[in-house]
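Subject: Structure handover

Hello,

I am passing on a structure for you to look through. Please open it first, then read the notes below beside it.

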Amino acid sequence: MCNKCKKPYYMTTAIAYTSGKPHIGNTYEIVLADSIARYKRAQGYDVRFQTGTDEHGQKIELKAQDAGISPKEYVDKTAATVKSIWDLMNTSYDKFIRTTDADHEVQVQKIFKKLYDKGDIYKGYYEGLYCTPCESFFTESQLVDGKCPDCGGPVQPAKEEAYFFKMSKYADRLIQHINDHPEFIQPVSRKNEMMNNFLLPGLQDLCVSRTSFSWGIPVDFDPKHVTYVWLDALTNYITGLGYNCDGQSDEMFSKYWPADLHLIGKDIIRFHTIYWPIFLMALDLPLPKQVFGHPWLLQGDGKMSKSKGNVLYADTLVDFFGVDAVRYFVLHEMPFDNDGIISWELMVERVNSDLANILGNLVNRTISMSNKYFGGVVTDTKVSEEVDQDLKSVVLEEVKKVDLKMDLLRVADAISEIFNIFRRSNKYIDETMPWALAKDEAKKDRLAAVLYNLTEAITIGASLLEPFMPETSGRILAQLNTEKRDLDKMDTFGLYPSGGKVTEKPEILFARVDLKEVMEKVEAMGAGQKPAETAADSDGSKEAAPVIDIEPKPEITYDDFAKLQFQVGEIIACEPVPKSKKLLCSQVKIGSQVRQIVSGIKAHYTPEQMVGKKVMVVVNLKPAKLAGVMSEGMLLCAEDAEGRLSLMVPEKEMPSGAEIC
């Protein structure tokens with residue numbers, strides 16, 4: 001067993017504010033946390049993964065009034081929505097805490113009283129500029145263009161009686177801790193921001209109670225006050241472990257605290273790296289080991305907000321693309337220290353290029369060839385060539401890189417390393433050309449070795465993929481008829497059992513998506529219509545696609561078909577055929593040769609559109625003259641009912657001269 005086995009690892013997300021349905025940017029955080037939690041479990045850690053909802057405050061009180069219901073009814077409904085989305089995204093949290101939970105509220109009251117008795121909290125009056133959405137007070141100097149520095153919204157003058165926490169009492173101690181523990185705030189840019197903008201200039205005392213609204217946890221010794229949001233919300237990280245301010249905490253608290261990781265958005269880094277550690281110091285509790293402030297997932301040119309009308313929701317994206325495709329996108333597209341971008345166009349591109357092509361096509365081809373040539377049996381004949389060693393070394397090196405990236409929380413980079421395994425495997429197919437090996441009986445053992453190596457590489461890649469795309473990982477491994485490989489066994493290539501048998505009929509992991517169809521459905525949603533299902537209608541049946549029936553030609557034998565030779569060609573030049581309204585003359589590079597091919601597609605393609613295309617060519621067609629110009633082959637096209645032509649092109653990048661079989 002690895003040396004990390006059963007070592008406790010406690011990680012949390014920020015708790016989602018129940019003012020409304022979380023958008024995909026909010027959902028990114030829970031998916032990111034889930035991928036880290038799953039990977040840590042795979043490493044052997046005893047993971048405790050907590051998330052939940054933040055349910056008190058003036059903003060929620062006002063929203064409940066507008067809805068004509070009580071605040072508790074409002075947060076019950078919204079918390080259920082949050083939890084349903086977290087569950088939809090297949091996240092493996094161990095605890096979903098709500099700040100309206102009775103045990104949490106009791107401990108918040110005890111913590112408030114303890115800090116008051118200790119002299120860290122005192123009563124006074126607050127007069128300043130208040131932002132209701134952020135539930136924060138600001139001084140004039142903290143505003144940006146006269147507006148809230150956090151959300152950019154308006155602020156209003158406010159004055160009320162309040163309790164305050166003496167932040168400055170612990171400021172020097174916190175500065176020293178940050179300097180002594182450079183890993184405490186990550187990425188480093190967040191640390192510099194907190195030190196230079198807040199700690200070093202000097203901390204103001206923090207308002208920790210309110211009297212202008214009632215939806216909050218009452219201060220039990222002064223009931224007209226309710227506990228202000230951050231002293232309530234932040235303490236969920238310890239109350240969720242059974243912390244008891246009286247000193248009788250649950251065994252779980254002593255096992256898992258201090259937290260190994262608080263995963264939060266960069267917009268609330270100040271509260272988690274200044275307020276929260278100071279509260280913990282005042283409670284004589286150890287500080288969390290690391291606070292990671294992840295960037296934002298933006299749509300178009302800015303942060304998502306309902307007021308901008310640019311909000312995307314996870315359940316909508318799942319309806320179009322599926323859970324794992326959405327998980328892949330949000331994890332892969334988010335840089336470590338910079339904001340990421342999401343759009344319908346980018347989603348379609350990633351589904352088609354990465355998921356359908358690089359991954360799905362690889363798995364499908366490998367299983368199909370195993371069935372075609374060996375009845376699905378995968379045998380390690382150990383017939384090795386130099387190209388095999390390169391494949392194996394790349395795969396094993398990528399395993400190490402993934403582990404390194406995940407230890408640094410560089411999740412997007414880790415996924416890229418995994419897909420390097422799949423890319424290298426696709427290249428390996430091009431290099432070894434199993435279809436060519438299959439034509440020579442003497443090379444049967446070599447062909448078996450190639451397919452074994454592919455199956456083993458996919459097994460390792462799919463096992464690594466589990467924390468990020470758990471359903472897809474399971475589906476791939478099930479088709480290979482094998483179990484997920486343990487991380488501590490991925491330093492060896494060749495553990496797939498020789499003689500194992502893959503599934504008889506590979507399933508399509510990810511179907512290619514048509515951008516035009518997606519955008520039509522998006523526009524329909526914007527018009528208030530119910531979006532059509534991309535994969536299936538509500539009754540589960542596949543959406544009907546246009547079809548064409550043509551009159552069948554006489555049946556042929558395989559020997560007839562085998563006489564035809566199809567190859568991939570690259571059009572390097574093209575021009576119209578003089579005095580012809582229909583014909584284009586193309587110079588087509590096929591391997592090391594260049595052939596001249598005349599095609600009747602002038603009404604559908606310009607010469608400029610033709611140049612650079614990879615096309616499918618019948619190369620052993622007897623040469624013939626068309627309009628006085630010699631043609632040495634035929635380009636393959638498809639034709640619809642209206643007579644529109646489309647050149648047949650390879651689904652993935654293929655070299656000129658590759659055989660089509």
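This is a predicted model: local features need pLDDT of at least 70, side-chain atom pairs count only at pLDDT 80 or more; totals for chains, interfaces and linings use all residues.

Apart from neighbours within four places in sequence, glycine 240 has contacts with Arg48, Gln50, Lys95 and Ile97. Glycine 240 sits in the loop between H8 and H9. With a relative accessible area of 9%, glycine 240 is buried.

Strands in a sheet are paired by backbone hydrogen bonds, in a parallel or an antiparallel way. S12 pairs in the parallel sense with strand S1 (residues 8-13), over 3 bridges. In this pairing, leucine 263 in S12 is the bridge partner of threonine 13. S12 also pairs in the parallel sense with strand S13 (residues 291-294), over 4 bridges. Here glycine 265 is opposite histidine 294 in S13. Together, S12, H10 and S13 form a right-handed β-α-β unit.

**An open antiparallel sheet**

Next comes an open sheet of 4 strands, with antiparallel pairing and the order S6-S5-S7-S9. Strand S6 (136-138) and strand S9 (206-207) are the edge strands, as each pairs on one side only. Helix H10 (residues 269-282) packs on this sheet and touches S6, S7 and S9. The direction of H10 makes about 30° with that of S7. H10 is also the helix of the β-α-β unit with S12 and S13.

Strand S7 (residues 156-165) and S9 run antiparallel and are joined by 2 bridges. Phenylalanine 165 is found opposite leucine 206 in S9.

**Salt bridges**

The count of salt bridges comes to 33. Three of them are described here.

The salt bridge between glutamate 161 and lysine 123 has an N to O distance of 3.8 Å. Glutamate 161 is in strand S7 and lysine 123 is in strand S5 (residues 121-131), so this pair ties together parts 38 residues apart in sequence. Glutamate 161 is buried, at a relative accessible area of 13%, whereas lysine 123 is partly exposed, at 42% relative accessibility.

Aspartate 246 and lysine 110 also meet through their side chains in a salt bridge, at 2.7 Å from N to O. Why does this pair tie together parts that are 136 residues apart in sequence? Aspartate 246 lies in the loop between helix H8 (236-239) and helix H9 (251-256), while lysine 110 lies in helix H4 (residues 102-117). Aspartate 246 has a relative accessible area of 55% and is exposed. Lysine 110, at 26% relative accessibility, is partly exposed. The loop that holds aspartate 246 is also where glycine 240 has its place, between H8 and H9.

Arginine 38 and aspartate 34 form a salt bridge through their side chains, with 2.8 Å from N to O. About one helical turn separates arginine 38 and aspartate 34, because they are 4 residues apart in helix H1 (residues 24-43). Are these two residues buried or exposed? Both arginine 38 and aspartate 34 are buried. They also belong to a network of salt bridges that links Asp34, Arg38, Arg327, Glu466 and Lys484.

**Cysteines**

How many disulfides does the structure hold? The number is 0. A disulfide is a covalent bond that joins the sulfur atoms of two cysteines. For a pair to count as a disulfide, the sulfur atoms must be within 2.5 Å. Cysteine 131 is in no disulfide, and the nearest cysteine sulfur, that of cysteine 151, is 3.7 Å away. Cysteine 131 is buried, with a relative accessible area of 0%. Cysteine 585 is in no disulfide either, and the nearest cysteine sulfur, belonging to cysteine 574, is 7.4 Å away. At 7% relative accessibility, cysteine 585 is buried as well.

Regards

How values were computed
Residues are numbered from 1 along each chain as its sequence is written. Side-chain values use heavy atoms; hydrogens and water are left out. Two strands pair if DSSP finds at least two bridges between them. Contact means heavy atoms within 4.5 Å. Axes are lines fitted to C-alpha atoms, for helices over the stretch in contact, and angles run from 0 to 180 degrees between N-to-C directions. A salt bridge is a side-chain nitrogen of Lys or Arg within 4 Å of a carboxyl oxygen of Asp or Glu. Buried means under 20% relative accessible area, exposed over 50%, partly exposed in between (1.4 Å probe, protein chains only). A crossover is right-handed if, with the strands pointing away from the viewer, the path from the first strand over the helix to the second runs clockwise.
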